[in-house]
Amino acid sequence: MLDLPKLPYAYDALEPVISRKIMELHHDKHHAGYVAKANAALEDTEWADKSIEEILKNLSKLPKDKQTAVRNNGGGHANHTLFWKIMRIPQENNEPTRTVRAALEKTFGSFEKFKTQLSETAVGQFGSGWGWLVKKSDGSLAIYATANQDSPYLTGDTPILGIDVWEHAYYLDYLNDRAAYAEKWWQVVNWDEVEKSF
Ligand code: MN3
């Protein structure tokens with residue numbers, strides 16, 4: 001059974017970057033829905049008691065008629081579980097830890113270049129999806145977007161940082177201005193939590 005995790009902060013903790021209303025709907029309705037539907041799909045399979053990471057890494061081994069539901073809803077569960085963890089109370093000059101900064105500079109040239117590349121990738125995702133910083137199996141870092149609720153675990157990568165660019169993540173606060181949301185979002189990234197993935 002997959003469980004809906006509690007938010008590690010109050011619903012209004014991310015204001016003014018993300019409003020209480022969005023957080024309530026996003027966590028209590030959207031994420032809860034993914035958990036319920038993923039559990040319904042996994043019920044009565046040998047995968048019901050496995051971790052979501054293990055399930056997504058082995059999606060092709062699941063019963064064929066369950067794969068789409070688990071990809072979408074299990075992916076939604078994994079993605080949002082990480083998303084809540086890697087956010088915190090907004091800070092205007094929100095800088096990464098020394099360890100994270102050094103790793104980002106090595107791969108992307110500078111922290112600013114990294115931010116720009118991830119923002120542009122996320123904002124440029126056509127339709128619903130996510131922008132990701134991932135660790136590949138060889139330990140290298142990469143940025144890409146996925147559609148819908150596709151998780152980096154599906155391709156064997158480990159998600160480190162992800163921005164949700166589904167309209168439900170920003171529309172109530174930013175209307176159609178996904179770029180404005182993506183820019184503000186950097187204020188709520190919890191770099192201490194991100195560092196744990198390095
Ligand atoms: Mn979402």
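Select the manganese ion: His-26 (NE2), His-80 (NE2), Asp-164 (OD) and His-168 (NE2) coordinate the ion at 2.0 to 2.1 Å. Donors here are N, O and S atoms within 2.8 Å of the metal (3.2 Å for Na, K and Ca); water is not among the atoms, so sites may look incomplete. The model is predicted: local features need pLDDT of at least 70 and side-chain atom pairs pLDDT 80 or more, while totals for chains, interfaces and linings use all residues. Residues are numbered from 1 along each chain as its sequence is written, and side-chain values use heavy atoms, without hydrogens and water.

Along the sequence, the donor residues follow the spacing H-x53-H-x83-D-x3-H. His-26 sits in helix H1 (residues 20–42) and His-80 in helix H3 (residues 67–85), so the pair ties together parts 54 residues apart in sequence. Helices are DSSP runs (H or I, at least four residues), numbered from the N terminus.

Next, select His-26 and His-80. Are they buried or exposed? His-26 is buried at 1% relative accessibility, and His-80 is buried at 0%. Buried means under 20% relative accessible area, exposed over 50% (1.4 Å probe, protein chains only).

Now show H1 and H3 whole. Their axes come within 8 Å and cross at roughly 140°; the axes are lines fitted to C-alpha atoms over the stretch in contact, with angles from 0 to 180 degrees between N-to-C directions.

Finally, select the contact (heavy atoms within 4.5 Å). Among the residues that meet are His-26, Tyr-34 and Leu-42 in H1, and Val-70, His-80 and Trp-84 in H3.

Note on methods:
Helix = DSSP H or I, 4+ residues; strand = E, 2+ residues; numbered from the N terminus.
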